[in-house]
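Subject: Structure for you to look over

Hello,

Here is the structure we talked about. Please open it alongside this note; my findings follow below.

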Amino acid sequence: MLEEIKQYAKDHQVPIICDDGLLFLTKVIEEYQIKDVLEIGTAIGYSALAMASLGCHVDTLERNEEMFEQARNHMEIYDQNHQVHLIFADALTYHGELKTYDLIFIDAAKAQYQRFFEKYKPYLNPNGIVVCDNLRFHDLKPENVNRHTKQLLRKIETFKAYLLEHPEFKTTFVDHGDGMSLSQRKSI
Ligand SMILES: C[S@@+](CC[C@H](N)C(=O)[O-])C[C@H]1O[C@@H](n2cnc3c(N)ncnc32)[C@H](O)[C@@H]1O
């Protein structure tokens, strides 16, 4: 099932989590016995279904209609146990109902990571964790990119510094995937 969606993503140039990133996410889910996940950035449902296959329940937000429809098609076929709840919304402005989660996986517009983090951290269980993807952003160097990408790279660096300095969370960065972070609440 996941292989088929991966092939679809490749054929249609849909960005999805890479194998190594998924391996890291899988380890986190197993090690921390994650049950409930909030995902920001569904795309076509690949990572959501991967997490569901590990036994998780996933609420996942997507703002792009085409992606959302494709994710819905995939859920109809593959989400037999109804573990994935698709939400068509912009995560920056969403005000609908949410529960609390063991894991928040942020994998959407890179320039907005800090806003996602701040908006959704109240929905984290006391021992919950936040994982972010694409923090290395393909290892692009500021000197080789246009102004827009340069700004994006700067925002990602600012976000990483924000995470490191966050008084409530302890963050580690890992080289898996396209550069990922794992933030855990500090114990009081
Ligand atoms: C990298 S893709 C997600 C990949 C998916 N997590 C996976 O690995 O299968 C990022 C997705 O986030 C969506 N996105 C970006 N900003 C968003 C926002 N503010 N609210 C909801 N979705 C957003 C994009 O439309 C895109 O489909």
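This is a predicted model: local features need pLDDT of at least 70, side-chain atom pairs count only at pLDDT 80 or more; totals for chains, interfaces and linings use all residues.

Q13 is exposed, with 6 other C-beta atoms within 10 Å. Residues are numbered from 1 along each chain as its sequence is written.

Back to Q13. It lies in the loop between α1 (2–11) and α2 (19–31). Helices (H or I, at least four residues) and strands (E, at least two) are DSSP runs, numbered from the N terminus. Q13 has a positive phi of about 50°, although it is not a glycine. Most residues other than glycine have a negative phi. As for α1, one of its ten residues is buried, so this helix lies largely in the open.

Q33 also deserves a look. Its phi is positive, about 50°, and it is not a glycine. Q33 sits in the loop between α2 and β1. It is exposed, with 9 other C-beta atoms within 10 Å.

Now the sheet. Seven strands form an open sheet in the order β3-β2-β1-β4-β5-β7-β6, with mixed pairing. Two strands pair if DSSP finds at least two bridges between them. β3 (84–88) and β6 stand at the edges with a single partner strand each, so one side of each has no neighbour in the sheet. Neighbouring strands are turned by 15° against each other on average, direction ignored. Axes are lines fitted to C-alpha atoms, for helices over the stretch in contact, and angles run from 0 to 180 degrees between N-to-C directions.

Which strand is largely enclosed by the rest of the structure? It is β1 (residues 36–40), because four of its five residues are buried. Five bridges join β1 to β2 (residues 57–62), and the two run parallel. V37 stands opposite V58 in β2. From β1 the chain crosses through helix α3 (residues 46–52) to β2, and this β-α-β crossover is right-handed. That term applies if, with the strands pointing away from the viewer, the path from the first strand over the helix to the second runs clockwise. β1 also pairs with β4 (residues 101–106), in the parallel sense, over four bridges. There, I40 has I106 as its bridge partner.

F169 has R185 in β7 as its bridge partner.

Helix α4 (residues 65–78) lies across β2 and β3, at about 160° to β3. In helix α6 (residues 147–165), the buried residues are I156, F159 and L163. Seen down the axis, they fall within an arc of 60°, so they line one face of the helix. The arc is that of the directions from the helix axis to the C-beta atoms. The face turned away from that buried side carries the exposed residues R147, R154, T158, A161 and E165. Cover for the buried residues includes α5 (113–120), β6 (169–174) and β7 (180–185). Contact here means C-beta atoms, placed from the backbone, within 7 Å.

Best wishes

How values were computed: A residue is buried if 20 or more other C-beta atoms lie within 10 Å of its own, exposed if 12 or fewer, and partly exposed in between; C-beta atoms are placed from the backbone. Two residues are in contact if their C-beta atoms, placed from the backbone, lie within 7 Å.
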